[in-house]
Protein chains: 2
Amino acid sequence: MVVDNLSSTFAALSDPTRRSIVDRLTRGPATVNELAAPFSISQQAISKHLAYLANAHLIERQRDGRQNFCALNPGAIREVAEWADGYRRFWEKSFQRLDVLLEEMKTRKQRKRTKKERHR
Amino acid sequence: MVVDNLSSTFAALSDPTRRSIVDRLTRGPATVNELAAPFSISQQAISKHLAYLANAHLIERQRDGRQNFCALNPGAIREVAEWADGYRRFWEKSFQRLDVLLEEMKTRKQRKRTKKERHR
DNA sequence: ATTATCCACAACCATATGGTTGTGGATAAT
DNA sequence: ATTATCCACAACCATATGGTTGTGGATAAT
């Protein structure tokens, strides 16, 4: 089990079934059975997925009798958004940046070639 | 190996070593050795991490002689940002939404209790 | 020509993941 | 009181992950 906060969040989101569940929960809370209904896998498998989501704090659970309600915790997704947004400047205004970088690589190579003082 | 695009991206980002490498690459491209230097794990382990990152299109590689340069592909992170941003309205303007949802759950339970026509 | 360096491939290991079936405790319905 | 339903726990399995050591092909340095 991953302990790091962001790591467990990303891990939880790396499965399409779990992302689908997250998406379903944007339409309001649901019981385990309701969440399992659209899928062809077993209820137990869904319970496992929910455990991962809860572990990453992507959902909150509230038991009531036999039923176990799940609700989205958007705060966890917000953290993902904020992490990704930290890289915004790298995709903005330079869609061709990759080419630029490759050029930079070649420049570096040439620098290395002309540099004869390899005295480290 | 995961095939789904977003799934492999999230999986690649679920490891702190790989996120650290991604972060390093914001300061420009680097060789495998340079990327491996800050870590205490083996060069081979880093090569594996780089393979996952490349597989998820988070980095691009450019071989030159013995060296293998890696450069960040911000487009992949942008996709993550866009995915997360789709949930923006769920965390904006209602930090107490979770409480609201739990209330909603209880309401639903009561509705169920008063509903006597269980004729499905 | 010889030696050193960069890097990935292979084989291996322990643990995690994503699924299964079997089961049973609580609770709700009859 | 009996039966049905909701859900999770356990044990199991195949595969993926994150690491290791051993190695060797290319290339660069001497």
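Let's start in chain B, where strand E1 and strand E3 (residues 67-72) pair in the antiparallel sense over two bridges; pairing here takes at least two bridges found by DSSP. Within that pair, Thr31(B) stands opposite Phe69(B) of E3(B).

A quick word on what we are looking at. This is a predicted model, so local features need pLDDT of at least 70 and side-chain atom pairs count only at pLDDT 80 or more, while totals for chains, interfaces and linings use all residues. Residues are numbered from 1 along each chain as its sequence is written, chains are lettered from A and ligands numbered from 1 in the order in which they are written, and side-chain values use heavy atoms, with hydrogens and water left out. As for the elements, helices (H or I, at least four residues) and strands (E, at least two) are DSSP runs, numbered from the N terminus.

Back to the sheet. In chain B three strands make an open, antiparallel sheet, in the order E1-E3-E2. Strand E1 (30-31) and strand E2 (59-64) stand at its edges with a single partner strand each, so one side of each has no neighbour in the sheet. Helix H4 (residues 43-55) of chain B lies across E2 and E3, at about 120° to E2(B).

Now over to chain A, please. There are seven helices and three strands in chain A, and along the sequence they follow the pattern α-α-β-α-α-β-β-α-α-α. Of its 120 residues, 42% are buried, where buried means under 20% relative accessible area, exposed over 50% and partly exposed in between, with a 1.4 Å probe and protein chains only. Contact means heavy atoms within 4.5 Å, and of the contacts in chain A with a separation of 6 or more, 48% are between residues 24 or more positions apart.

How do helices H2 and H4 of chain A pack? H2 (residues 16-25) and H4 (residues 43-55) of chain A meet at an angle of about 75°, with axes 10 Å apart. The axes are lines fitted to C-alpha atoms, for helices over the stretch in contact, and angles run from 0 to 180 degrees between N-to-C directions. H2(A) and H4(A) are therefore roughly perpendicular, a label for 65 to 115 degrees; under 35 is roughly parallel, over 145 roughly antiparallel and the rest oblique. On the H2(A) side, Thr17(A), Arg18(A), Ile21(A) and Val22(A) meet Ile46(A), His49(A), Leu50(A), Tyr52(A) and Leu53(A) of H4(A).

A polar atom of the Asp15(A) side chain lies 2.8 Å from the backbone nitrogen of Thr17(A). Leaving out residues up to four places away in sequence, Asp15(A) touches His49(A) and Ser7(B).

In chain B, Asp15(B) caps the N-terminal end of H2(B), with a side-chain oxygen 2.9 Å from the backbone nitrogen of Thr17(B). Among the buried residues of H2(B) are Thr17(B), Ile21(B) and Leu25(B).

One last stop: His57(A), in the loop between H4 and E2 of chain A. What is its phi? His57(A) has a positive phi of about 65°, although it is not a glycine, and it is partly exposed, with a relative accessible area of 45%. In chain B, His57(B) also has a positive phi, near 65°.

Technical notes: Polar contact = N/O pair within 3.5 Å; in protein donor to acceptor, adjacent residues only side chain to side chain.
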